[in-house]
Amino acid sequence: SLQWWNSYEVKPYETLVQECVEPMINGGKIWMGFQLYQNHLTDPATMDMVKRVFSYIESIEDNFDKKRIVPYVGVLCDENQLVNRRGSGVDEMDVDLTSLYGLNKALTSSGIPYNSVNEKFLVENSDDFKLVIISNDQYVSDELYKELKQYVERGGSLLITGKSGCVDIDGNLIKNENFTKLTGVSINGQYDYPYAYISPKHKSLTDVIMPKSVLCADEFMKIKTDNAKTLASVTLPYKKMKEINWGEFPSFSNPWAQTNEPAICLNQYGNGRVCYVCTDIFRGYSGTNNYILKNLIKTLINEFLIEEKITISNPTYLELTFMRSECDDSILINLLNLVRSVPMREIEQRRENAICEEILPVYDTEISFYSKKEPKQASTVVSNHQLMFTYDNNRVSIRVPKVEIYEGVKIVF
């Protein structure tokens, strides 16, 4: 086992490999640190563990050489835009990333690959993405709004939640004409409840959301539709809770008052679409780990905002990313076993992954994706097996027999 820097937990080989592979399949790099004893000596067991981990990394790293990550969702995450803060003193002005934790959990476990981007990258490369998401009460500059308008007019999709896009640089709620033009709604304040319910109205949502109302543990904005279409409405709880203490699981009051006021709206803007949700559904998901809310998020994205390009039969257990070769006509689909994943804990706790000494393999994973061309061959890069596939109606379907820690599927056209 190894004392992992900044986690204060003893993590075995399997968990360390998972954590090293994750940035690699997302186009990132690895930096590993470990703690020394006060006499600056190292534990032989620690060094042996590091050696084993990097031996595994060395065995797979060539698969990522000259490969470019191809996510079709871009998530704005810019420290200059993150105005949501925790703490009351200057020394405690650390950014609250609760919404982004929930977003990562919801998208990853739904098989939706994404990239976190800052404003500069988004302004220069917005066409790399089919969908852009802005959450976590982020400030949006006039320059970014200008690019977002052009991006959506060209056919892109945009998802905005909560106060994002309608706050100033200090986090104060303001009326923003750019926000209103894009979303087709205007904000007129917020409900005096720390949580409420989303009640789907559109058939595409009611078909997949079993209860009539879905809990979202976050504040709700009061909005008025101008040009947008209402997909869901706000339902208030029976009792008003003054404060939610995440140290213990809160006792939420049942849905009671149907306001018939919009909760989710969809606006056609140019050749693209903009969806606005009057609460931060990602922060709400982070707080309660509500799988029904996750299904709502997944349906919103796949049904209304982007054409579903790739599906996976085991999204809860596997993280999926998509890479394209810069040297030949091939793609690499990466599958990382996330059996270590655990439900989100309370907001203020450290968000460490659970230790997992014996990883349970995931068997018989079905992958289906859109392609204009029929593949010539498909094979796994770790187990080195040729895979059978079908090609029908511009969709490729492949079955991956087994994923232990990591498996890649190389597809040549």
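View 1. Helix α9 spans residues 291-305 and reaches 20 Å from its first C-alpha to its last, close to the 21 Å expected at 1.5 Å a residue; the expected span is 1.5 Å times one less than the number of residues. Helices (H or I, at least four residues) and strands (E, at least two) are DSSP runs numbered from the N terminus. The model is predicted: local features need pLDDT of at least 70 and side-chain atom pairs count only at pLDDT 80 or more, while totals for chains, interfaces and linings use all residues. Residues are numbered from 1 along each chain as its sequence is written, and side-chain values use heavy atoms, with hydrogens and water left out.

View 2. Rings of Phe, Tyr and Trp (its six-membered ring) pair if their centres lie within 6.5 Å; planes under 30 degrees apart count as stacked, over 60 as edge-to-face and the rest as tilted. By this rule there are 5 aromatic pairs. One of them, formed by Phe 64 and Tyr 406, is tilted, with 5.9 Å centre to centre and 50° between the planes. Phe 64 belongs to the loop between α2 (44-60) and β3, whereas Tyr 406 lies in strand β22 (residues 406-412), 342 residues apart. Phe 64 counts as buried because its relative accessibility is 12%; Tyr 406 counts as buried because its value is 2%.

**View 3. The pair of Tyr 195 and Tyr 197.** These two residues form an edge-to-face aromatic pair, 6.5 Å centre to centre and with 70° between the planes. Tyr 195 has 0% relative accessibility and therefore counts as buried. Tyr 197, at 7%, likewise counts as buried.

**View 4. Charges over tyrosine rings.** A charge sits over a ring if NZ of Lys or CZ of Arg is within 6 Å of the ring centre and within 35 degrees of the ring normal. The charged end of Arg 52 is placed over the ring of Tyr 13, 3.9 Å from its centre. Lys 222 lies over the face of Tyr 191, at 5.4 Å from the ring centre.

Methods: Buried < 20%, exposed > 50% of the residue type's maximum accessible area, 1.4 Å probe, protein only.
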